[in-house]
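Please walk through this fold with me, one packing site at a time. Keep the model open beside the text.

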Amino acid sequence: MATELIVALDFDTAEEALALVDDLKDDVRWYKVGLELYLNSGGRILSELKMRRRKVFLDLKFHDIPNTVHQAVRWAAGTGVDLLTVHALGGADMMQRAAEAAKEGAEAAGVTVPTVVAVTVLTSMDQAGLAAIGIPDGPEKAVPRLAKLAKAAGLDGVVCSGRELPLFKDIPQPFVTVCPGIRPKGADTGDQSRVLTPAEAAQKGASFIVVGRPIRQAADPVQAARQILQDLREGEQK
Ligand SMILES: O=C(O)c1cc(=O)[nH]c(=O)n1[C@@H]1O[C@H](COP(=O)(O)O)[C@@H](O)[C@H]1O
């Protein structure tokens, strides 16, 4: 399966976000709405993206008691988004309720059931950061452990660094992998720790890569996105 590019719309206004979506209309189908854009633009950004026939990843990373996450996912699924996130650290019951809620919410609204993935260990965290919150065995152990828990709870996949993809060999397919922390060669890593290039993520078989600043802050975002798409195709050949 080809690795799909998701552009993270981490903007202060819906207008700025939609201007980029319109510029990329011939190249990129998938867009991520995260906390920043959702809080400043609300549900309007979701309907604007749907009107443009774009695929929507609603990344609100739900992490709460099972009942609260169930209700939140129910509402989120009812909006017709295509992909959404919960936090694996919320535990097995929470993830199971999220999986059920996605079906219930979509059915009630008459829309397609979204893909639900669990954030394992944020790509901004390194071994020391994980140890400081009481997880001493590093991302190489923690990520596959959380991924198995997510699969067993009935979720569709995980968010992780592309570096961890080779660790999922014993997780049965289908299993969707969403990989942020992507940096083209030489790009500023910013607050990301566990980074990979687009080609490396494609070579390791990521279902999706998520890219924000390397496109958004480029002098020519359309050219930057096209270069990343080309890198993905080259990575797939390796
Ligand atoms: O859930 C996410 O999308 C996510 C999980 C994660 O572990 N790391 C991570 O960076 N993200 C998101 O992916 C995007 C990465 O943005 P850039 O670092 O600007 O490319 C941001 O919108 C983050 O919220």
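A crossing is left-handed if the near helix is turned anticlockwise from the far one by less than a right angle, and right-handed if clockwise. Helices (H or I, at least four residues) and strands (E, at least two) are DSSP runs, numbered from the N terminus. The model is predicted: local features need pLDDT of at least 70, side-chain atom pairs count only at pLDDT 80 or more, and totals for chains, interfaces and linings use all residues. Residues are numbered from 1 along each chain as its sequence is written.

Two packed helices are described by the angle between their axes and the distance between the axes. Axes here are lines fitted to C-alpha atoms, for helices over the stretch in contact, and angles run from 0 to 180 degrees between N-to-C directions. Take H1 and H3. Their axes come within 11 Å and cross at roughly 20°. H1 is therefore roughly parallel to H3. That term covers angles under 35 degrees; over 145 is roughly antiparallel, 65 to 115 roughly perpendicular, and the rest oblique. The crossing of H1 and H3 is right-handed.

Which residues of H1 and H3 make the contact? H1 supplies Ala14, Ala17, Leu18 and Val21, and H3 supplies Arg44, Ile45, Glu48 and Leu49. Two residues are in contact if their C-beta atoms, placed from the backbone, lie within 7 Å. By class, this H1 to H3 contact has 6 nonpolar, no polar and 2 charged residues. Ala, Val, Leu, Ile, Met, Phe, Trp, Tyr, Cys and Pro count as nonpolar, Asp, Glu, Lys and Arg as charged, and the others, Gly among them, as polar.

Look at Leu18, in helix H1 (residues 14-23). Is Leu18 buried or exposed? Leu18 counts as buried because it has 20 C-beta neighbours inside 10 Å. The cut-offs: buried means 20 or more other C-beta atoms within 10 Å of the residue's own, exposed means 12 or fewer, and partly exposed lies in between, with C-beta atoms placed from the backbone. Leu18 and Glu48 are 30 residues apart along the chain, and their C-alpha atoms are separated by 8.0 Å.

Leu49 sits in helix H3. Leu49 has 25 C-beta neighbours inside 10 Å, so it counts as buried. Leaving out residues up to four places away in sequence, Leu49 touches Val21, Tyr31, Arg54 and Val56. Leu49 and Thr85 are 36 residues apart in sequence and 18 Å apart in space, C-alpha to C-alpha.

Now move to the next helix pair. The axes of H4 (residues 66-78) and H5 (residues 92-109) come within 7 Å and cross at roughly 30°. H4 is therefore roughly parallel to H5. H4 passes H5 in a right-handed crossing. The contact of H4 with H5 divides into 13 nonpolar, 3 polar and 5 charged residues. On the H4 side, the residues include Val69, Val73 and Trp75. On the H5 side, they include Met94, Ala98 and Ala101.

Gly80 lies in the loop between H4 and strand E4 (83-87). Gly80 is partly exposed because it has 19 C-beta neighbours inside 10 Å. Gly80 touches Lys50, Ala109 and Val111, not counting residues up to four places away in sequence. Gly80 and Ser47 are 33 residues apart along the chain, with C-alpha atoms separated by 8.9 Å.

Next, the backbone. Most residues other than glycine have a negative phi, and most peptide bonds are trans. Arg53, in the loop between helix H3 (44-51) and E3, has a positive phi near 60°. Arg53 counts as exposed because it has 8 C-beta neighbours inside 10 Å. Lys61 belongs to strand E3, and its phi is positive at about 45°. Lys61 is partly exposed, with 16 other C-beta atoms within 10 Å. A cis peptide bond joins Gln173 and Pro174, with omega about -5°. Pro174 lies in the loop between strand E6 (157-159) and strand E7 (176-179).

Finally, the ligand. How many residues surround the ligand? There are 20, and the closest are Ala8, Thr123, Pro180, Gly212 and Arg213. A residue is near a molecule or strand if its C-beta atom, placed from the backbone, lies within 6 Å of it. Strand E3 (55-62), strand E8 (208-211) and helix H9 (213-216) each give two or more residues to the shell. By class, the shell has 8 nonpolar, 7 polar and 5 charged residues.
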